[in-house]
Amino acid sequence: MSLLLPPEVAAMNDLISAAMHCARVLRHAVENGAAGDAAGTLEELAAAREALAEALADAVRDLDHTPPDEGLPHEWEVLESTWADIRAGMSGDAARVARDQCLTAERRLIDTARAATGEALPDSVAGTVSKFAAASADGVIPDWSA
């Protein structure tokens, strides 16, 4: 979080970054063919995370602030994705590695949402953030790796 932003804006910006990261990870699993039968579900989950990020970005703009530019992945995301691809190639179990990466991204999003619930979020996003905060990554991400 930034010291120059109001806490609720900083929390929403963190959530935007976490939601977009999660969406990119979910789509990466689908694009690599590692998602198998869960591809449709992962696409729906990715779209929901992008919708969350856009709703949060609108709320940040409504507070006269600028949301983070999340068009491209951060450097650490590229490294994490590359490492996951290497692990998948070495283990021969791309589905398990992709699911682990999706679970990690979803857990980050949930943890960020839980941290944000302590802030005075605008009513337009507070309910949605609360739903994500109450979720469990294991209950959201299907197990296609079995």
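Analyst: Here we set values beside definitions, one label at a time. Before that, know that this is a predicted model, where local features need pLDDT of at least 70, side-chain atom pairs count only at pLDDT 80 or more, and totals for chains, interfaces and linings use all residues. Residues are numbered from 1 along each chain as its sequence is written, and side-chain values use heavy atoms, with hydrogens and water left out.

User: Why is His21 called buried?

Analyst: Buried means under 20% relative accessible area, exposed means over 50%, and partly exposed is in between (1.4 Å probe, protein chains only). His21 comes out at 3%, so it counts as buried. This residue sits in helix H1.

User: And what makes a stretch a "helix" here?

Analyst: Helices are DSSP runs of H or I with at least four residues, and they're numbered from the N terminus. Take helix H3, residues 75-91: it has 17 residues.

User: Which residues of H3 are buried, and what puts them on the same side?

Analyst: They are Glu77, Ser81, Ala84 and Ala88. These cover an arc of only 60 degrees around the axis, which puts them on the same side of H3. The arc is taken from the directions from the helix axis to the C-beta atoms. In general, an α-helix has 3.6 residues a turn, so residues three or four places apart point the same way. On the other side of H3, Glu75, Leu79, Gly89 and Met90 are exposed.

User: Why is Met90 called exposed?

Analyst: Its relative accessible area is 67%, which is over the 50% cut-off, so Met90 is exposed.

User: What does Cys102 touch, and is it buried or exposed?

Analyst: Cys102 is in helix H4, and its relative accessibility is 1%, so it's buried. Contact means heavy atoms within 4.5 Å. Leaving aside neighbours within four places in sequence, Cys102 is in contact with Val25, Leu26, Ala29, Ile141 and Trp144. Ile141 is 39 residues away along the chain, yet the two C-alpha atoms are separated by 7.2 Å.

User: What makes Glu106 and Arg49 a salt bridge?

Analyst: The definition wants a side-chain nitrogen of Lys or Arg within 4 Å of a carboxyl oxygen of Asp or Glu. Here the N to O distance is 2.8 Å, so the pair qualifies. Glu106 lies in helix H4 and Arg49 in helix H2 (residues 39-62), so the pair ties together parts that are 57 residues apart in sequence. Glu106, at 1%, is buried, and Arg49 is buried too, at 4%.

User: How many salt bridges are there in the whole structure?

Analyst: The search finds nine. Among them, Asp58 pairs with Arg61, with the closest N and O atoms 2.8 Å apart. Those two are three residues apart in helix H2, which means about one helical turn separates them.

User: Why is Asp58 called partly exposed?

Analyst: Its relative accessible area is 36%, which falls between 20% and 50%, so Asp58 is partly exposed. Arg61 gets that label as well, at 41%.

Key: Expected span 1.5 Å × (residues − 1).
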